[in-house]
Amino acid sequence: MDIGVLKERVGARLGRELPSAFTYHDWRHTLEVHAAAVEFGRAEGVAGRELAWLEAAALLHDTGYTAGSVAGHEDNSIRIAGVELARIGWSRSDIDATAGLIRATSFEVRPAGLLEGILRDADVEYAGRPGQRERSLDFRRELANIGHGFNELEWIVFELEFFTRLEFFTRSCREARQAGLAAAAAGLREEYRRSTGKEFGL
């Protein structure tokens, strides 16, 4: 189950096909999610074939953005995963297991089981680590590029609503990122207070 070959193929595909509008859901994000999935997976005792599924899903989970649309990108990613994994000789059962993990990155799906929880956490752990502000601004630029611009206060509210409802599903992610998430949310609350003279949510 050669993850190195898959990594090269996904990087080449994104470099070739990903529209420039996607300044957050790009190869850098893919590498960040992959690194976090390996970090949390190993911390949770995942190894062997299951770790390979997790790594593959992390690498492939946002390839669907190459179609140029946010809507349905998980389904597009699953389709691309089927093609890419078959090309490197993965079995149907391994492809299906990877597809199930990719599907769990949708916020319309609640992760079921350890592997799905790890991948969901890996996809959003940026919110609780150093460099969060920079990546958030990359996401803001991406949203503006696809027609969803925000003024400063709107962006503070958008981030606060996301950060305050964000849930980490694994012990390893909570231990590594929960304090950072709380600090980021506290900073946003202070920005909101300075901008409006009110407490957020009141």
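Axes are lines fitted to C-alpha atoms, for helices over the stretch in contact, and angles run from 0 to 180 degrees between N-to-C directions. The legends below describe a predicted model.

**Figure 1. Helices α5 and α6 pack together at an angle of about 50°.** Helix α5 spans residues 92-103 and helix α6 spans residues 114-124, and their axes lie 8 Å apart. The crossing of α5 and α6 is right-handed. On the α5 side the contact is made by Gly100, Leu101 and Ile102, and on the α6 side by Leu115, Glu116 and Leu119. Sorted by class, the residues of this contact are four nonpolar, one polar and one charged.

**Figure 2. Helix α2 crosses helix α6 at roughly 135°.** Helix α2 covers residues 27-43, and its axis comes within 8 Å of the axis of α6. Oblique is therefore the term for the arrangement of α2 and α6. The crossing in which α2 passes α6 is right-handed. From α2, the residues His29, Val33, Ala36, Ala37, Phe40 and Gly41 take part; they meet Ile118, Leu119, Asp121, Ala122 and Asp123 of α6. The contact of α2 with α6 comprises seven nonpolar, two polar and two charged residues. Leu119 belongs to this contact, and Leu119 also belongs to the contact of α5 with α6.

**Figure 3. Helix α6 is mostly covered.** Of the 11 residues in α6, 10 are buried. These buried residues are Leu115, Glu116, Gly117, Ile118, Leu119, Arg120, Asp121, Ala122, Asp123 and Val124. Their packing partners are α2, α3 (48-60), α5, α8 (152-165) and α9 (171-196).

**Figure 4. Gly117 is a residue of helix α6.** Its relative accessibility is 3%, and because buried means under 20%, Gly117 counts as buried. Apart from its neighbours within four places in sequence, Gly117 is in contact with Pro111, Phe169 and Thr170. Between the C-alpha atoms of Gly117 and Leu101 the separation is 8.9 Å, and the two residues are 16 residues apart along the chain. Leu101 is also one of the α5 residues in the contact with α6.

**Figure 5. Ala144 lies in helix α7.** This helix runs through residues 132-145. Ala144 has a relative accessibility of 43% and therefore counts as partly exposed. Along the chain, Ala144 and Ala21 are 123 residues apart, while their C-alpha atoms are separated by 8.7 Å.

**Figure 6. The protein chain contains nine helices and zero strands.** Along the sequence the pattern reads α-α-α-α-α-α-α-α-α. Taken along the principal axes, the C-alpha atoms fill a box of roughly 60 × 35 × 25 Å. The radius of gyration of the protein chain is 17 Å, which agrees with the value near 17 Å for a compact globule with 202 residues. Buried residues account for 50% of the 202 residues. Of the contacts between residues at least 6 apart in sequence, 70% join residues at least 24 apart.

Methods. Residues are numbered from 1 along each chain as its sequence is written. This is a predicted model: local features need pLDDT of at least 70, side-chain atom pairs count only at pLDDT 80 or more; totals for chains, interfaces and linings use all residues. Side-chain values use heavy atoms; hydrogens and water are left out. Helices (H or I, at least four residues) and strands (E, at least two) are DSSP runs, numbered from the N terminus. A crossing is left-handed if the near helix is turned anticlockwise from the far one by less than a right angle, and right-handed if clockwise. Contact means heavy atoms within 4.5 Å. Ala, Val, Leu, Ile, Met, Phe, Trp, Tyr, Cys and Pro count as nonpolar, Asp, Glu, Lys and Arg as charged, and the others, Gly among them, as polar. Angles under 35 degrees count as roughly parallel, over 145 as roughly antiparallel, 65 to 115 as roughly perpendicular and the rest as oblique. The radius of gyration is taken over C-alpha atoms; the globule rule is 2.2 Å times the number of residues to the power 0.38. Buried means under 20% relative accessible area, exposed over 50%, partly exposed in between (1.4 Å probe, protein chains only).
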